[in-house]
Amino acid sequence: MGIGAFAAYVKHVSNPTEQAVTYFRAFMQQDYDTMYNLLDKKDGYYISKDRYKEIMQKTRESMTIDSYKINDPRKEDGQYVVTIECTDDETDSSQNMNIYLNKKMHLPKLKPDYKVDIEKMLVKNLTIKIPQGDKLTIAGIEITDKDANITTENNIKYIFKAILNGNYKITCENEYCAKKYTCKCYKKRYGSGFDKELVHSK
């Protein structure tokens, strides 16, 4: 393969549109499991699958999409963005839905993977403290060092780099007792996995 052909090949396989389309079509078909599997789940990020699916379902039920147009990807601040223009025929209005993707290289493979970035849905830098000897569970699932950075000086600290917006039932427990709490993790404005914008209404 010559240099020109090689460059053309790399450019072709580096196009993130396919992944964005897979994500969007899963949204259209209410296939939230597929959507979740396409997310960029970074170390120290706690992204509850149940909470994510709940947000996506509410978003899908709130929208009428009769037709759509997929635009070519562009780069913004080091990320790829694919804009999909969605039209509601009854109201004769459109929304731009921007899907942000992070490029992941896995050498020696030449073809990169793309993961959907949902930073707009996340609350950053959350710390939960519990007594020594206890363990933390969220919605019945024990939190491990895959989900958060855990330190054990004095109290046990669970430091989440980011957590999905929502109310969480958390339990602090040991072999003798368990205490249950509700943890509210919200920021003033957050997205729903898509950066949506009403672009016109006639």
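Two residues are in contact when they have heavy atoms within 4.5 Å of each other. Keep that in mind for the views below, which all come from a predicted model.

**View 1. Leu164 and its neighbours in the nonpolar core.**
Leu164 touches Tyr46, Ile47, Ser48, Arg51, Tyr52, Ile55, Ile118, Met121, Leu122 and Cys185, leaving aside residues up to four places away in sequence. Leu164 is also among the residues with the most contacts inside the largest nonpolar core, a list that includes Tyr23, Tyr52, Ile118, Tyr158, Phe160 and Tyr168 as well. That core has 49 residues. Its largest share, six residues, comes from strand E11, residues 156-164.

**View 2. Helix H2 and the elements around it.**
Helix H2 runs over residues 17-28, so to speak a stretch of 12 residues. From its first C-alpha to its last, H2 reaches 16 Å, close to the 16 Å expected at 1.5 Å a residue. Which residues of H2 are buried? They are Thr17, Ala20, Val21, Tyr23, Phe24, Ala26 and Phe27. These buried residues pack against H3, helix H4 (49-61), strand E2 (67-70), strand E4 (79-88), E5 and E6. After H2 comes Gln30, and its phi is positive, near 60 degrees.

**View 3. Lys104 and Asp40, a salt bridge across the sequence.**
Here Lys104 pairs with Asp40 in a salt bridge, and the closest N and O atoms are 3.3 Å apart. Lys104 sits in strand E5 (residues 93-104), while Asp40 sits in the loop between helix H3 (32-37) and strand E1 (45-46), so the pair ties together parts that are 64 residues apart in sequence. Are the two partners buried or exposed? Lys104 has a relative accessible area of 27%, which makes it partly exposed. Asp40 counts as buried because its relative accessibility is 9%, and buried means under 20%.

**View 4. Glu119 and Lys42, another link between loops.**
Glu119 forms a salt bridge with Lys42, with 3.2 Å between the closest N and O atoms. Glu119 belongs to the loop between strand E6 (113-116) and strand E7 (122-130), and Lys42 to the loop between H3 and E1, so distant parts of the chain, 77 residues apart, are linked by the pair. Lys42 is partly exposed, at a relative accessible area of 31%.

View 5. How many salt bridges does the model have? The count comes to nine.

**View 6. The largest pocket and its lining.**
About 390 Å³ of space lies in the largest pocket. Its lining is made up of 18 residues, and those nearest its centre are Tyr46, Ile47, Ser48, Lys49 and Ile141. E1, H4 and E12 are the elements that give two or more residues to this lining. Which element gives the most? H4 does, with four residues.

**View 7. Tyr176 in a loop between two strands.**
Tyr176 lies in the loop that joins strand E12 (166-173) to strand E13 (178-185). Tyr176 counts as exposed because its relative accessibility is 72%, and exposed means over 50%. Along the chain, Tyr176 and Asp134 are 42 residues apart, and their C-alpha atoms are separated by 9.8 Å.

Terms used:
Residues are numbered from 1 along each chain as its sequence is written. This is a predicted model: local features need pLDDT of at least 70, side-chain atom pairs count only at pLDDT 80 or more; totals for chains, interfaces and linings use all residues. Side-chain values use heavy atoms; hydrogens and water are left out. Buried means under 20% relative accessible area, exposed over 50%, partly exposed in between (1.4 Å probe, protein chains only). A nonpolar core is a set of buried Ala, Val, Leu, Ile, Met, Phe, Trp, Tyr and Cys residues joined through side-chain atoms within 4.5 Å. A salt bridge is a side-chain nitrogen of Lys or Arg within 4 Å of a carboxyl oxygen of Asp or Glu. The expected span of a helix is 1.5 Å times one less than its number of residues. On a 1 Å grid over the protein atoms alone, a cavity is a set of points where a 1.4 Å probe fits but cannot get out, and a pocket is an open set with protein on both sides within 12 Å along at least five of seven lines; lining residues have an atom within 4 Å of a point. Grid points are joined across faces, edges and corners, and a volume is the space filled by probe spheres set on the points.
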